[in-house]
Amino acid sequence: MLKIPGLKSTVVLMIVAIFSSNVKGQDLETVNSVNLDKYVGTWYEIAKIPNRFQKKCARNTTATYTLKENGKIRVVNECNTAEGDRTKATGVARIVDEQTNAKLEVSFVSILGLNLFWGDYWIIGLDEEYDWAVVGTPSRKYGWILSRTPSLADSEMDKIHTILREQGYNPDDFEMTEQDRG
């Protein structure tokens, strides 16, 4: 029998790497279809996985989407800081999967009209009436729960948590966003 030094540990590491990537990195499945005319408009952020680019947002976070003539989507994200100031980030989204319209990329960095640093924005859960949406990324590093209203019923949150678990997310990683009820 031929012995190759380190082969056993290399094989074990490869098996562990493959198993780990399949469990944690399972394919992220989007919804079957998104009607962009129904999706555009204003959404309230109900919860998110904390991230560096929203660290100044303390409450009242919204995202407003508007279809542009060139087929892209104007994105305006707004929130209140802890000091009570309203801050805004404007960007653009482009459709990556035109079959479903559920896979998009978003950029908030533009230099001389050229958008840079595109990030995944995949719609992985969507209410039939477009009352709420779940957005994620294949890495599971980012995620958002959005609603047409500032809050969602517990029964709706239960449905969303089920979607998150099925998609390889931990619902406990999401922090609730404070929304003033006006």
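This is a predicted model: local features need pLDDT of at least 70, side-chain atom pairs count only at pLDDT 80 or more; totals for chains, interfaces and linings use all residues.

Me: ok, which residues touch the most other members of the largest nonpolar core?
Reply: They are V34, Y39, Y65, Y121, I123, L126 and L146, out of 23 residues in that core.

Me: and which elements give two or more residues to this core?
Reply: Helix 2 (36-39) does, along with strands 2, 3, 4, 5, 8, 9 (132-136) and 10. Strand 8 gives the most, with three residues.

Me: what does Y121 touch, leaving out residues up to four places away in sequence?
Reply: Its contacts are Y39, Y65, A102, K103, L104, E105, V106, V135, G136 and L146.

Me: what else is there in the way of cores?
Reply: There is a second, separate core of 16 residues, with I46, V134, I163 and F174 among them.

Me: what lines the largest cavity?
Reply: The lining is L36, Y39, Y65, I73, V75, A93, N101, L104, Y121 and I123. Helix 2, strand 3 and strand 8 each give two or more residues to this lining. By class, nine of the lining residues are nonpolar, one is polar and none is charged.

Me: and the largest pocket, what volume does it have?
Reply: About 890 Å³. The pocket has 36 lining residues, and F53, Q54, N77, F108 and W144 lie nearest its centre. The lining divides into 19 nonpolar, ten polar and seven charged residues.

Me: which strands supply at least two residues of that lining?
Reply: Strand 1 (41-48), strand 2 (59-67), strand 3 (73-80), strand 4 (86-95), strand 5 (103-107), strand 8 (119-126) and strand 10 (143-147) each do.

Me: you mentioned Q54. where does Q54 lie?
Reply: Q54 is in the loop between strand 1 and strand 2.

Me: does Q54 count as buried or exposed, and why?
Reply: Q54 counts as buried because its relative accessibility is 11%, and the cut-off for buried is under 20%.

Me: what does the side chain of Q54 make a polar contact with?
Reply: With the side chain of N51, at 2.9 Å. Leaving out residues up to four places away in sequence, Q54 also touches E45, K48, T61 and W144.

How values were computed: Residues are numbered from 1 along each chain as its sequence is written. Side-chain values use heavy atoms; hydrogens and water are left out. On a 1 Å grid over the protein atoms alone, a cavity is a set of points where a 1.4 Å probe fits but cannot get out, and a pocket is an open set with protein on both sides within 12 Å along at least five of seven lines; lining residues have an atom within 4 Å of a point. Grid points are joined across faces, edges and corners, and a volume is the space filled by probe spheres set on the points. Helices (H or I, at least four residues) and strands (E, at least two) are DSSP runs, numbered from the N terminus. Ala, Val, Leu, Ile, Met, Phe, Trp, Tyr, Cys and Pro count as nonpolar, Asp, Glu, Lys and Arg as charged, and the others, Gly among them, as polar. A nonpolar core is a set of buried Ala, Val, Leu, Ile, Met, Phe, Trp, Tyr and Cys residues joined through side-chain atoms within 4.5 Å. Buried means under 20% relative accessible area, exposed over 50%, partly exposed in between (1.4 Å probe, protein chains only). Contact means heavy atoms within 4.5 Å. A polar contact is a pair of N or O atoms within 3.5 Å; within protein, one must be able to donate a hydrogen and the other to accept it, and residues adjacent in sequence count only if both atoms are side-chain atoms.
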